[in-house]
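This report goes through selected local features of one protein chain and its ligands. Please view the sequence and the structure alongside the text.

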Amino acid sequence: MTELLVTGGQVLRPDMTVERADVLVDQSSGDIVAVESPGELAGDDELDASDGLVVPGLVNAHTHVAMTLLRGYADDKPLDAWLQEDIWPVEGELTPEDVRVGAELGLVEMVKSGTTALSDMYFHVDEIAAAVEQAGVRAVLGHTAVTVGKDEEGAREDVRQSLETARDLDGAADGRISTTFQPHSLTTVGEEYLREYVPEADAAGLPIHLHANETTDEVEPLVEEHGIRPLEYADDVGLLAEDTFLAHCVHVDETEIDLLAETGTGVAHCPASNMKLASGMAPVQRLLDAGVTVGIGTDGAASNNDLDMFDEMRDAAMVGKLAADDASAVAAETVVEMATENGAELLGIDSGRIEPGANADLAVLSLDAPRLTPAHDLVSHLAYAATGSDVRHTVCDGEVLMRDRDVTVFDEDAVRERAQAHADALVDRASN
Ligand SMILES: N[C@@H](CCSC[C@H]1O[C@@H](n2cnc3c(=O)[nH]cnc32)[C@H](O)[C@@H]1O)C(=O)O
Ligand SMILES: [Zn+2]
């Protein structure tokens, strides 16, 4: 048994208090084994957390990690035009290797900003899984199915592939990878396919992840067609359940919030994407008050445009206050819980808390930056002042993925160079 001692720092505990403590990690099981006062524990190897704060690894509850290749490619448009005019045409040119390279770039960015788990929606998922395996993080992966604009056979094949990918990849990378069945959204997958395949996903025990109620343009046609709210329709086709979580939920009314709470359906809130695409402001405090589990996601890098969960916490707090017209809404502790414990709950992983028995997924922040001085309240700093570049070390499943800002799992420069080359070639192909 090899034990790693994270020593000399302060530690954020699950009750949101901060104390001076050392954290002992069993690297073979990948668990935290002890959190004790300084000087009481010893390990085979040490990670220096002096002048630092040990926090749970952040959980990015909704992203499209390979979309880093499209970062800055098309900005300043609303969702529908952005997807149809810019993103989908270029995505049509993406090769499996592009997806691999884009995923590697996104994962390097995540490791460098203290994210240790992600929930991803994309295609060429084997490539994303290979990148996740190398990165050492945890991921919930899946093939995203779209049926609109496809003939019956193509549509069916896409949905089947979503089911198959979820069955096949579950448990990969020594259990660091799990999966979801992924209809893209309530408007991009036809009702007949949802009615046929959602029961199949349930029977196979597969959790479900989809986009829902992101824009009013998406809500209105559903209301017109079915005469009920989108999430009532989602419930009717069997999509709302304990192991389902929905990205966005910007435009949800009281009935829909109650439905989410009653069914135990979770929400991945994506504040930066919602602001950038002017999709709207999710009623996050109302969702939380109703008892809905809300995590935080960056969405893809093309609608954010970074994958830094510290930025995302701050955005979630800010837009949550605006949406509630109440400065006390979505408070600092709340966003930190959303980005850690709540995200872990959505992903179905025992991470998000620094406590014996939990997964050893953690980040150590350096507290000596001017922007983190003075130290009145470190939870406030996590929510409002820290950025991903304050992260000194990142650990997942007991393994050190970044030590003193040196990423150990990838050659960072090589990943960046490959990404630039692949992105250039991709845009060339798309414009021809
Ligand atoms: N386009 C593929 C499968 C979709 S993968 C997941 C998709 O979600 C897209 N996406 C990214 N951000 C958003 C968002 O905010 N809302 C809806 N879709 C998004 C992303 O560009 C990607 O195409 C097909 O037709 O078979
Ligand atoms: Zn998305």
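## A serine and its polar contacts

The side chains of Ser29 and Asp26 form a polar contact at 3.1 Å. This is a predicted model, and the distances and angles in this report are computed from it. A polar atom in the side chain of Ser29 also lies 3.2 Å from the backbone nitrogen of Asp31. Ser29 sits in the loop between β4 (22–26) and β5 (31–36).

Is Ser29 buried, partly exposed or exposed? Its relative accessible area is 35%, so Ser29 counts as partly exposed. Between the C-alpha atoms of Ser29 and Val319 there are 39 Å, and the two residues are 290 residues apart along the chain.

## The zinc site

Which protein atoms are the donors of the zinc ion (ligand 2)? They are NE2 of His62, NE2 of His64, NE2 of His211 and OD of Asp299, at 2.1 to 2.3 Å from the ion. Along the chain these donors follow the spacing H-x1-H-x146-H-x87-D. Distant parts of the chain are linked by the pair His62 and His211, which are 149 residues apart: His62 belongs to strand β8 (residues 58–63) and His211 to strand β14 (residues 208–212).

The angles subtended by the four donor atoms around the zinc ion (ligand 2) run from 84 to 168°, and the arrangement is therefore irregular. To count as tetrahedral, four donors need all angles between 85 and 135 degrees. For four tetrahedral donors the ideal angle is 109.5 degrees.

## Surroundings of ligand 1

How many residues surround ligand 1? There are 19, and the closest are Trp88, Glu91, His184, Glu214 and Asp299.

For Trp88, the corresponding distance is 3.0 Å. For Lys150, a polar side-chain atom lies 3.1 Å away from an oxygen atom of the ligand. On its own, ligand 1 has 550 Å² of accessible area, and the protein covers 91% of that.

## The annotated domain

UniProt, in an unreviewed entry, lists residues 53–400 as "domain: Amidohydrolase-related". Across residues 53–400, 43% of the chain is helix and 16% is strand. The end C-alpha atoms of this stretch are 16 Å apart.

## Backbone exceptions

Most residues other than glycine have a negative phi, and most peptide bonds are trans. Two peptide bonds in the model can be set against that background. The bond joining Asn304 and Asn305 is cis, with omega at about 10°; Asn305 is in the loop between β17 (294–296) and α11 (309–324). The bond from Thr373 to Pro374 is also cis, with omega near 0°, and Pro374 falls in the loop between β18 (362–366) and α13 (378–384).

Ala173 has a positive phi, near 50°. This residue is in the loop between α4 (152–169) and β12 (177–179). With a relative accessible area of 6%, Ala173 is buried. Asp404 likewise has a positive phi near 50°, and lies in the loop between β20 (399–403) and β21 (406–407). Is Asp404 buried or exposed? Its relative accessibility is 55%, so Asp404 counts as exposed.

## Two further buried residues

Thr263 is part of helix α8 (residues 254–263). The side chain of Thr263 reaches the backbone oxygen of Leu259 at a distance of 2.7 Å. Why does Thr263 count as buried? Its relative accessible area is 18%, and buried means under 20%.

Val237 is in the loop between α7 (230–236) and β15 (244–248). Its relative accessible area of 6% makes Val237 buried. The C-alpha atoms of Val237 and Tyr197 are separated by 9.8 Å, while the residues are 40 residues apart along the chain.

Note on methods:
Residues are numbered from 1 along each chain as its sequence is written. Chains are lettered from A and ligands numbered from 1 in the order in which they are written. This is a predicted model: local features need pLDDT of at least 70, side-chain atom pairs count only at pLDDT 80 or more; totals for chains, interfaces and linings use all residues. Side-chain values use heavy atoms; hydrogens and water are left out. Donors are N, O and S atoms within 2.8 Å of the metal (3.2 Å for Na, K and Ca); water is not among the atoms, so sites may look incomplete. Four donors count as tetrahedral if all angles lie between 85 and 135 degrees; four count as square planar and six as octahedral if opposite donors are over 155 degrees apart and all others between 65 and 115; anything else is irregular. Helices (H or I, at least four residues) and strands (E, at least two) are DSSP runs, numbered from the N terminus. A residue is near a molecule or strand if one of its heavy atoms lies within 4 Å of it. A polar contact is a pair of N or O atoms within 3.5 Å; within protein, one must be able to donate a hydrogen and the other to accept it, and residues adjacent in sequence count only if both atoms are side-chain atoms. Accessible areas come from the Shrake-Rupley method with a 1.4 Å probe; for residues, only the protein chains shown count as cover. UniProt positions are given in the numbering used here, feature names are shortened, and annotations may be inferred rather than shown by experiment. Buried means under 20% relative accessible area, exposed over 50%, partly exposed in between (1.4 Å probe, protein chains only).
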